[in-house]
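Hi,

Here is the structure I promised to pass on.

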Amino acid sequence: MAKELGFENIVFGTDVITSPEMIKRANEEFVLRTEWFDNAEILRQATSKSAELLALSGPRNPYPGALGVVAEGAHADILLIDGNPLEDMSVMTEYEERFDLIMKGGVIYKNEL
C-alpha cells in the first residue's frame, strides 16, 4: 500500500525481532517482499534506503561517515554472495551456504574465499 501511495522511503529492518527463532528467519523477508517490489528495490531498501533513514538520527547515529555506499571512508558492511539476488532473491535466505564474505564495520566475520 505504501508503494501504491507513492512512498519512496521504504526500508528493510530487523531491529524489532526479539525471538532467537525469528531472527534466524529474518532474511525470509527478502523473498516475502517480492510480492510488492522488484529485487533491486528490495536490495535498496536493505542498504542505501536504510542508511538514509539511519543518517536522519543525527547525533544518535552510531555510525560516523558515509553509509549505504561502497566508498573510501564509508562505514563498510559488505556481503559477497554466491548467487545473484537481482535474479533470485532466495539466495538471501540461504546465508549460511551462500554468503562467502561478511564484513561489518570493516571487520571480516566470515571469509570462505
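Let me start with K3, which is partly exposed because its relative accessibility is 38% (buried means under 20% relative accessible area, exposed over 50%, partly exposed in between, with a 1.4 Å probe and protein chains only). Before going further, please keep in mind that this is a predicted model, where local features need pLDDT of at least 70, side-chain atom pairs count only at pLDDT 80 or more, and totals for chains, interfaces and linings use all residues. Residues are numbered from 1 along each chain as its sequence is written, and side-chain values use heavy atoms, with hydrogens and water left out.

Salt bridges

The side chain of K3 forms a salt bridge with that of E41, at 3.0 Å from N to O (the rule asks for a side-chain nitrogen of Lys or Arg within 4 Å of a carboxyl oxygen of Asp or Glu). K3 sits in the segment before helix 1 (20-24) and E41 in helix 3, so this pair ties together parts 38 residues apart in sequence. Helices here are DSSP runs of H or I with at least four residues, numbered from the N terminus.

How many salt bridges are there by this rule? The count is 7, and two others among them are these:

- R25 pairs with E28, with the closest N and O atoms 3.1 Å apart; R25 is partly exposed at 43% relative accessibility, and E28 is partly exposed at 32%.
- R98 pairs with E94, with the closest N and O atoms 2.4 Å apart; R98 is partly exposed at 25%, and E94 is partly exposed at 29%.

The nonpolar core

The largest nonpolar core has 9 residues: I10, F12, F30, F37, I42, M89, V91, M92 and F99. Such a core is a set of buried Ala, Val, Leu, Ile, Met, Phe, Trp, Tyr and Cys residues joined through side-chain atoms within 4.5 Å. Leaving aside residues up to four places away in sequence, I42 touches F30, R33, T34, F37 and M89 (contact means heavy atoms within 4.5 Å).

Helix packing

Helix 3 (residues 39-46) and helix 4 (residues 48-55) pack at about 30°, their axes 3 Å apart. The axes are lines fitted to C-alpha atoms over the stretch in contact, and angles run from 0 to 180 degrees between N-to-C directions. That makes helix 3 roughly parallel to helix 4, a label for angles under 35 degrees. In this contact, R44, Q45 and A46 of helix 3 meet S48, K49 and S50 of helix 4.

Happy exploring!

Notes:
Helix = DSSP H or I, 4+ residues; strand = E, 2+ residues; numbered from the N terminus. Parallel < 35°, antiparallel > 145°, perpendicular 65-115°, else oblique.
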